[in-house]
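Hello,

Here is the structure for your files.

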Amino acid sequence: MESVQLVILFGIVIGLMYGAVGLLSGFCLMSSMRGWLAEGDGRLVRSYALAIAVAIAASQFLAGGGMVDLNKSIYLQTSFSPAVLFLGGLLFGYGMVLSNGCGSRALVLLGRGNLRSFVVVIVLAIAAQMTLKGLIAPARIALVQASQTTVSANSLPSVLVMLGLSESLSRALAAAATVVALILFAFAHPAFRRSPGQIAAGVIVGLLVAGGWYVTGYLGADDFNPVPVTSLTFIAPIADALQYAMLSTGLTLNFGIATVAGVFAGSLATALATGRFKLEGYSSPRHMVRSGTGAALMGIGGVMAFGCSIGQGLTGLSTLALGSFIAFAGILLGTTAGLHGALRVRPLQTVESGSAAA
């Protein structure tokens with residue numbers, strides 16, 4: 001089997017696993033932040049933190065062992081716009097609250113029969129494609145060019161290298177410090193320690209991120225037909241998947257599209273097997289407008305930020321890229337603004353509490 005075929009096959013497998021785990025555990029940054037800030041339940045946010053820790057540890061192990069060159073990813077660029085990354089993160093985070101979930105969560109819920117998520121996925125894909133290549137692209141490019149900067153150090157390990165440490169020691173120290181801090185945060189919560197399902201979800205999702213790096217960076221390393229080195233991310237892949245579904249002739253199936261299809265299929269199969277499949281829709285036109293607006297903000301912001309709560313929050317951070325920390329800070333701030341404070345997105349009175357978690 002050729003390397004490209006292997007990458008597509010394993011992309012589907014990784015997506016299937018993510019879809020199943022996402023449905024069973026409720027893995028989602030927005031749900032995590034809402035549970036932590038509004039409801040006082042910190043288990044989901046600890047699961048997310050554990051996923052980041054596992055993703056960093058496993059990905060840096062692969063990079064240190066020479067199996068994957070993370071420098072070939074989009075995250076470790078020497079020239080980038082901190083302002084655009086942060087602004088994109090803000091837009092994505094706030095849009096995530098408006099839509100009650102990120103792009104990956106929308107795919108998972110769509111597999112469960114949530115028709116609200118169908119609207120989110122379609123609008124997100126269109127907005128992302130417009131920002132990548134369409135009407136909004138010139139404004140995005142101009143903004144990036146006006147604020148772009150070139151840095152000598154583009155990751156935490158490279159900062160330590162500038163201080164005189166060796167590359168291998170810098171990688172080990174930066175990864176260890178970050179991983180230990182995240183694990184301490186996760187397991188300091190007694191309720192999380194008593195939640196084996198959430199612990200397992202964090203570990204599995206983190207390993208899936210490293211698995212994506214291994215598949216594209218090692219199995220896909222073909223001198224004659226290389227594939228982009230990437231892992232779990234959902235903004236551009238959802239946009240590409242919609243375009244591929246409409247215009248497959250002349251387009252190339254890739255890891256991202258395969259992963260998107262796998263997530264939906266994994267969630268659908270799990271929902272049917274566990275009796276969780278249930279068709280759901282919007283409760284009012286206002287609900288639909290709010291959800292669609294959030295999806296558009298996620299599509300635009302996700303492209304500006306080079307990723308979503310998974311693409312930057314897990315995959316980007318697994319590279320320890322400084323730009324990923326900036327984008328993720330924007331996502332966290334945007335999400336917090338939508339959940340708490342003067343800009344808080346208030347619940348719709350017509351939406352029942354049981355159907356609002358979309």
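Below are the fold, then the aromatic pairs.

This is a predicted model: local features need pLDDT of at least 70, side-chain atom pairs count only at pLDDT 80 or more, and totals for chains, interfaces and linings use all residues. Residues are numbered from 1 along each chain as its sequence is written, and side-chain values use heavy atoms, with hydrogens and water left out.

The chain has 16 helices and two strands (DSSP runs, numbered from the N terminus: H or I of at least four residues for helices, E of at least two for strands). Its radius of gyration is 19 Å, close to the 21 Å of the globule rule for 358 residues, so the chain is as compact as a globular protein of that length. That radius is taken over C-alpha atoms; the rule is 2.2 Å times the number of residues to the power 0.38. Buried residues make up 51% of the chain (buried: under 20% relative accessible area; exposed: over 50%; partly exposed: in between; 1.4 Å probe, protein chains only).

There are seven aromatic pairs (Phe, Tyr and Trp rings, the six-membered one for Trp, with centres within 6.5 Å; stacked under 30 degrees between planes, edge-to-face over 60, tilted for the rest). Trp36 and Phe185 pair edge-to-face, at 5.8 Å and 70 degrees. Trp36 is in helix H2 and Phe185 in helix H9, so the pair ties together parts 149 residues apart in sequence. Trp36 is partly exposed at 38%; Phe185 is partly exposed at 30%.

Tyr48 and Phe328 are stacked, at 6.2 Å and 10 degrees. Tyr48 sits in helix H3 and Phe328 in helix H16, so this pair ties together parts 280 residues apart in sequence. Both Tyr48 and Phe328 are buried. Ring pairs also link Phe27 with Tyr48 and Phe328 in a cluster.

Best wishes
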